[in-house]
Amino acid sequence: MIGVLGAGQLGRMLALAGYPLGLRFRFLDSAHEAPVRDLAEFLQADFTDWAALNRFAASLDVATYEFENVPVETVEHLARCVPVFPPPAALRASQDRLDEKMFFHSLGIATAPFVAVDARADLDRALDEIGCPAILKTRRMGYDGKGQYLIRERAAGEQAWQTLRRAGSISDRQTAAYTPGLLLEGFVHFDRELSQIAVRGRDGRMAFYPLVENHHADGLLRLSLAPAPKRTPALEQLARDYAARVLEALNYVGVLTIEFFQQGEQLLANEMAPRVHNSGHWTIEGAETSQFENHLRALLGLPLGAAEARQPCAMLNLIGELPDTRAVLAHVGTHLHLYGKKPRPGRKIGHITVRAGTIEEVLVRIERLRPLLR
Ligand code: AMP
């Protein structure tokens, strides 16, 4: 039995990947509405309800998490009862944007310039150092572009400060203790955004998916293209090298994602997620072994599967509203995934993967689908 903290769509896709291998799953989440509800054991409880956590841990073989704002204490508690992967240290490093950036630097991985901001005067000093435009971010609980303020010119500093100081309520799924504390980051005029998904097994072997090109709007991932068009071998090698450094430094087990900004042949790490990732959904139909299956293989100490793409793919997130299923499926080469979540503005409720023989054809197919998505 595999225990998973978090019961959202990532958990659902993990379970769906595990059933062909004969695996069984138990999930725990504080949210009532859980996309895994219909397909696995589900325990609804607060992540800091230790009694519930002990019930959850009973007779598990291994545990993991699919939500990176699970409190580290929860994962550490669980790790005293059952092996937990990825290691709690990976979760800790990814929960605080400042620690995460310092961790990247300690491994020689480039990032945008950044300065810690704990008081109003720090912000002025940070703006002097970094200049505008810059982005003020909360150190914790930021995801999907939440907890950020773009400062285009210095005069907007005060507004940014006032907005993010109150950002203690930024998450509707708030579970980790909120640590006030911000950081200012230089705005990167990137060529594009890329992500590297990698996996490391219990024996230390690693596999790397091809680089993925990601398009965001309003802080949310909208479209991924995989493998990233026009990626050079040097760029791919750099991304793999960076991912390998993180995996080895943490003695990591499972899937890890690093999001990068590309500037020419340079990669600046923006953040890492110690879990399966939205920019890897294409791997379900598009890769030799999906990120979900490889995460499970890693946790269980099984041999990892090949991570090569079978064909060029695109993944379109369905956000806020669902398209007509019949109309989507009428298009050649499309695969629809619905998460069983109630549509709400800004909410990821499903995705579509499109495959074709060439990336050009994938892009043509995406354009044909667009009118179905408002
Ligand atoms: P994050 O929550 O850090 O992943 O940021 C969400 C999105 O905001 C990123 O995917 C980028 O599109 C944009 N963004 C974040 N940080 C920066 C930056 N320093 N420079 C330019 N764009 C950024």
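Biologist: How is the chain divided into domains?

Modeller: The domain assignment gives domain 1 (2-84), domain 2 (113-186) and domain 3 (192-372). As this is a predicted model, the values I quote are computed from it.

Biologist: How far apart are domain 2 and domain 3?

Modeller: Their C-alpha centres lie 28 Å apart.

Biologist: Let us turn to helix 6. Which of its residues are buried?

Modeller: Helix 6 covers residues 120-130, and its buried residues are Asp122, Leu123, Ala126 and Leu127.

Biologist: How are those buried residues arranged around the helix axis?

Modeller: Viewed down the axis of helix 6, the buried residues fall within an arc of 135 degrees, so they line one face of the helix. On the other side of helix 6, Arg125, Asp128 and Glu129 are exposed.

Biologist: Why would residues three or four places apart point the same way?

Modeller: An α-helix has 3.6 residues a turn, so residues with that spacing point the same way.

Biologist: What do the buried residues of helix 6 pack against?

Modeller: They pack against strand 5 (114-117), strand 6 (134-138), strand 7 (148-151), helix 7 (157-165) and strand 8 (182-186).

Biologist: And what follows helix 6?

Modeller: Helix 6 is followed by Gly131, whose phi is positive, near 80 degrees.

Biologist: Which residues of helix 7 are buried?

Modeller: In helix 7, the buried residues are Gly157, Ala160, Trp161 and Leu164. Seen down the axis of helix 7, they fall within an arc of 100 degrees, so these residues too line one face of their helix. The buried residues of helix 7 pack against helix 6, and also against strand 5, strand 6, strand 7 and strand 8.

Biologist: Now for charges. How many salt bridges are there in the whole structure?

Modeller: A search of the whole structure finds 22 salt bridges. One of them joins the side chains of Arg139 and Asp99, at 3.7 Å from N to O. Arg139 lies in the loop between strand 6 and strand 7, and Asp99 lies in helix 5 (residues 97-106), so the pair ties together parts that are 40 residues apart in sequence.

Biologist: Are those two partners buried or exposed?

Modeller: Arg139 counts as buried because its relative accessibility is 16%, under the 20% limit. Asp99, at 33% relative accessibility, counts as partly exposed.

Biologist: Back to helix 6 for a moment. What does Arg125 form with Asp122?

Modeller: Arg125 forms a salt bridge with Asp122, and the closest N and O atoms are 2.7 Å apart. Both residues lie in helix 6, 3 residues apart, which is about one turn of the helix. Arg125 is exposed, with a relative accessible area of 52%, whereas Asp122 counts as buried at 17% relative accessibility.

Biologist: What about Arg205 and Asp203?

Modeller: Their side chains meet in a salt bridge, at 3.6 Å from N to O. Arg205 and Asp203 are both exposed.

Biologist: On to the ligand. Which residues come nearest?

Modeller: There are 15 residues around the ligand, of which Lys137, Gln148, Val188, Glu193 and Glu271 come nearest.

Biologist: Which atoms of Gln148, Val188 and Glu271 are involved?

Modeller: For Gln148, a polar side-chain atom lies 2.8 Å from an oxygen atom of the ligand. Val188 has a backbone N or O atom 2.8 Å from a nitrogen atom of the ligand. In Glu271, an N or O atom of the side chain is 2.8 Å from an oxygen atom of the ligand.

Biologist: Lastly, where is Ile284?

Modeller: Ile284 is in helix 9 (residues 283-286) and counts as partly exposed, at 28% relative accessibility. Not counting residues up to four places away in sequence, Ile284 touches Met13, Ser290, Phe292 and His337.

Technical notes:
Residues are numbered from 1 along each chain as its sequence is written. This is a predicted model: local features need pLDDT of at least 70, side-chain atom pairs count only at pLDDT 80 or more; totals for chains, interfaces and linings use all residues. Side-chain values use heavy atoms; hydrogens and water are left out. Buried means under 20% relative accessible area, exposed over 50%, partly exposed in between (1.4 Å probe, protein chains only). Helices (H or I, at least four residues) and strands (E, at least two) are DSSP runs, numbered from the N terminus. The arc is that of the directions from the helix axis to the C-beta atoms. Contact means heavy atoms within 4.5 Å. Domain bounds come from an automatic or database domain assignment. A salt bridge is a side-chain nitrogen of Lys or Arg within 4 Å of a carboxyl oxygen of Asp or Glu. A residue is near a molecule or strand if one of its heavy atoms lies within 4 Å of it. A polar contact is a pair of N or O atoms within 3.5 Å; within protein, one must be able to donate a hydrogen and the other to accept it, and residues adjacent in sequence count only if both atoms are side-chain atoms.
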